[in-house]
Amino acid sequence: MDVLYFAWVRERIGLPKERVETNAATVSDLVAELSAREDRYAAAFADVSALRVALDQELSDFDASLTGVREVAFFPPMTGG
Amino acid sequence: MRVVVQEDAFDLGAEANAFAAADDTNGAIVTFTGVVRDLATGNLDVMEIEHYPGMTERALTKIAEEAMVRWSLGDVLVIHRHGRLVPGDRIMMVATAAPHRKDAFEAAEFLMDYLKSRAPFWKKEITGAGADWVAAKDEDEDALTRW
């Protein structure tokens, strides 16, 4: 699946988008998998309460299933307007 | 209903005039415009607005559709910019048209409240001292509970 990062999450991880091969069942599983990779991921995901997640461009939750999902995006709370 | 996400500036007067002239059954037109505000210290050089292409348009369309369902509206317009803006630049506008003003005012407030915390935009303030992401405010999230 494609994993996208925005705002300070993108800056902390150091890239806007990557292709991830994973068997993670839920968003939280994916976060644990990515955090175990390298410090920059662990730093970005240190406090998931400060993050939001979208699955296929719809806001979702960290306990949501990844079954059939093609695009996951992580970002801080939004500040539009 | 029209939702526009663009980097370029928009013409507030032309947009408002075209929107207001579109349908003479609407007795009330409300417009709101968001402007890049300088910091209290007066040293904001650039406000950079990042967004999530694709999701942004979907989220704004969903919010506008929700407003059309909840209030008696003739039309809704949302324009939001991204990229590098400077103090005084217009960031975004919403406009609502309705037979009566209460619907137009309330729907415009609803659009703004939802757009602030549910549309994927992120602001970064750049000054001579560095760059800081703008933090979301609890009160912006709390504002959604009244709807």
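Predicted model: local features only at pLDDT ≥ 70, side-chain atom pairs only at ≥ 80, totals over all residues.
## Overall build of chain B

Let's start with the inventory: chain B holds 4 helices and 8 strands. Read from the N terminus, its elements follow the pattern β-α-β-β-α-β-β-β-α-β-β-α. The radius of gyration is 16 Å, close to the 15 Å that the globule rule gives for 147 residues, so chain B is as compact as a globular protein of that length. Along the principal axes, its C-alpha trace spans about 50 × 35 × 30 Å.

Of the 147 residues of chain B, 33% count as buried. Among contacts between residues at least 6 apart in sequence, 77% join residues at least 24 apart.

## Strand 4 and its partners

Strand 4 pairs with strand 1 (residues 2-6) of chain B in the parallel sense, over 5 bridges. Within that pairing, B:L77 of strand 4 stands opposite B:R2.

Strand 4 is also joined to strand 6 (residues 90-98) of chain B, here by 6 bridges and with the two strands running antiparallel. To find this pairing on screen, you can look for B:D75, whose bridge partner in strand 6 is B:A97.

## The open sheet

Strands of chain B also form an open sheet of 4 strands, in the order 5-3-7-8 and with antiparallel pairing. Strand 5 (83-85) and strand 8 (130-133) stand at the edges, each with a single partner strand, so one side of each is left without a neighbour in the sheet. From one strand to the next, the twist averages 25°.

One pair to pick out is B:M47 with its bridge partner in strand 5, B:L85.

## Where chain B meets chain A

Finally, the contact between the chains takes 21 residues from chain B and 14 residues from chain A. On the side of chain B that touches chain A, the elements giving two or more residues are helix 2 (55-70), helix 3 (101-118) and strand 7 (121-127). Helix 3 provides the largest share of that side, 5 residues. By class, the side of chain B that touches chain A has 12 nonpolar, 4 polar and 5 charged residues.

Note on methods
Residues numbered from 1 in each chain as written. Chains lettered and ligands numbered in written order. Contact = placed C-beta atoms within 7 Å. Nonpolar A, V, L, I, M, F, W, Y, C, P; charged D, E, K, R; others polar. Pairing = 2+ DSSP bridges. Axes fitted to C-alpha atoms, helices over the stretch in contact; angles between N-to-C directions. Rg over C-alpha atoms; globule rule 2.2 N^0.38 Å. Buried ≥ 20, exposed ≤ 12 C-beta atoms within 10 Å, placed from the backbone.
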